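This briefing is meant to be read beside the sequence and the coordinates. Please keep both in view while going through the points.

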Amino acid sequence: MSAKKEPSVWNGFKAFLMRGNVVDLAVAVVIGAAFTNIVNAVVKGIINPLVGAIGTQNLDNYSSCLKDPCEVSANGTVKSGVPILWGSVLGATLTFVITAAVVYFLMVLPMSKYLARQAARKAAREGTKEVVQVTELEVLKEIRDALVAQRGSGGYQR
């Protein structure tokens, strides 16, 4: 009776932590958290003042009322009515779009171009190796054919 030993929970947990994806994800979360501060500063320092030239600098102040009278306290709790706080949604959307644009143009696009160049160089190197290998094969065939011809013409006898 052979008992099949199952991997321990601890070993499974260690294997999970040592996967490359987990480490990559952890790095991405830390970088993303730090990057959020930069994006928030851009929104508060540049976007909100530009919007403030038209209206208010704080997008959270933009709202509509579905049921009058709408009263919202300073801490954001609704006292009466049904307010739609579309300014907050607009601010969050702008933050998302700015974040996505910065990530794409400063990280994704340059990295994809770099990887494409690396792949092209690798393909060119492999293409050269194939040409060299084919050329060597052709030379060996020519040598063989010359030896066969030499043997057939009496130049080489046993």
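The notes below begin with the overall picture and then go through the topics one by one.

The model is predicted, so local features need pLDDT of at least 70 and side-chain atom pairs count only at pLDDT 80 or more, while totals for chains, interfaces and linings use all residues. Residues are numbered from 1 along each chain as its sequence is written, and side-chain values use heavy atoms, with hydrogens and water left out. The protein chain has 3 helices and 2 strands, and from the N terminus on these elements follow the order α-α-β-β-α.

**Overall organisation**

- Helices and strands are taken here as DSSP runs numbered from the N terminus, where helices are H or I with at least four residues and strands are E with at least two.
- Of the 158 residues in the protein chain, 8% are buried, where buried means under 20% relative accessible area, exposed means over 50% and partly exposed lies in between, computed with a 1.4 Å probe on protein chains only.
- The accessible surface of the protein chain comes to about 13200 Å², and 65% of this surface belongs to carbon and sulfur atoms; accessible areas come from the Shrake-Rupley method with a 1.4 Å probe, and for residues only the protein chains shown count as cover.
- Among contacts in the protein chain between residues at least 6 apart in sequence, 32% join residues at least 24 apart, a contact being heavy atoms within 4.5 Å.

**Nonpolar core**

- The largest nonpolar core has 7 residues, namely Phe35, Val39, Val43, Ile47, Val51, Leu59 and Ile98; such a core is a set of buried Ala, Val, Leu, Ile, Met, Phe, Trp, Tyr and Cys residues joined through side-chain atoms within 4.5 Å.
- Helix H2 (residues 20-52) supplies the largest share of this core, with 5 residues.
- Leaving aside residues up to four places away in sequence, Phe35 touches Thr99, Val102 and Val103.
- Lys44 is also found in helix H2, but Lys44 is exposed, with a relative accessible area of 61%.
- The C-alpha atoms of Lys44 and Thr95 are separated by 9.8 Å, although the two residues are 51 residues apart along the chain.

**Disulfide**

- The structure holds 1 disulfide, a term that stands for a pair of cysteine sulfur atoms within 2.5 Å.
- This disulfide is formed by Cys65 and Cys70, whose sulfur atoms are 1.7 Å apart, and the link is right-handed, with 85° about the S-S bond.
- Cys65 is partly exposed at a relative accessible area of 32%, and Cys70 is likewise partly exposed, at 29%.
- Cys65 has its place in strand E1 (residues 64-72), and, not counting residues up to four places away in sequence, Cys65 touches Cys70, Val82 and Pro83.
- The C-alpha atoms of Cys65 and Val82, which are 17 residues apart along the chain, are separated by 5.8 Å.

**Start of helix H3**

- Trp86 lies in helix H3 (residues 86-152) and is partly exposed, with a relative accessible area of 37%.
- Residues up to four places away in sequence being left out, Trp86 touches Tyr62, Ser63 and Ser64.

**Surface features**

- Trp10, Phe13, Phe16, Leu17 and Met18 make a nonpolar surface patch of about 580 Å²; patches are made of residues with over 30% relative accessible area and no salt bridge, with like charges joined within 9 Å and nonpolar side chains (Val, Leu, Ile, Met, Phe, Trp, Tyr) within 5 Å.
- Leu17, one of the residues in this patch, is found in helix H1 (residues 9-18) and is partly exposed, with a relative accessible area of 36%.
- A search of the whole structure finds 1 salt bridge, meaning a side-chain nitrogen of Lys or Arg within 4 Å of a carboxyl oxygen of Asp or Glu.
- This salt bridge joins Arg144 and Asp145, with the closest N and O atoms 3.1 Å apart.
- Both partners count as partly exposed, Arg144 at 48% relative accessibility and Asp145 with a relative accessible area of 41%.
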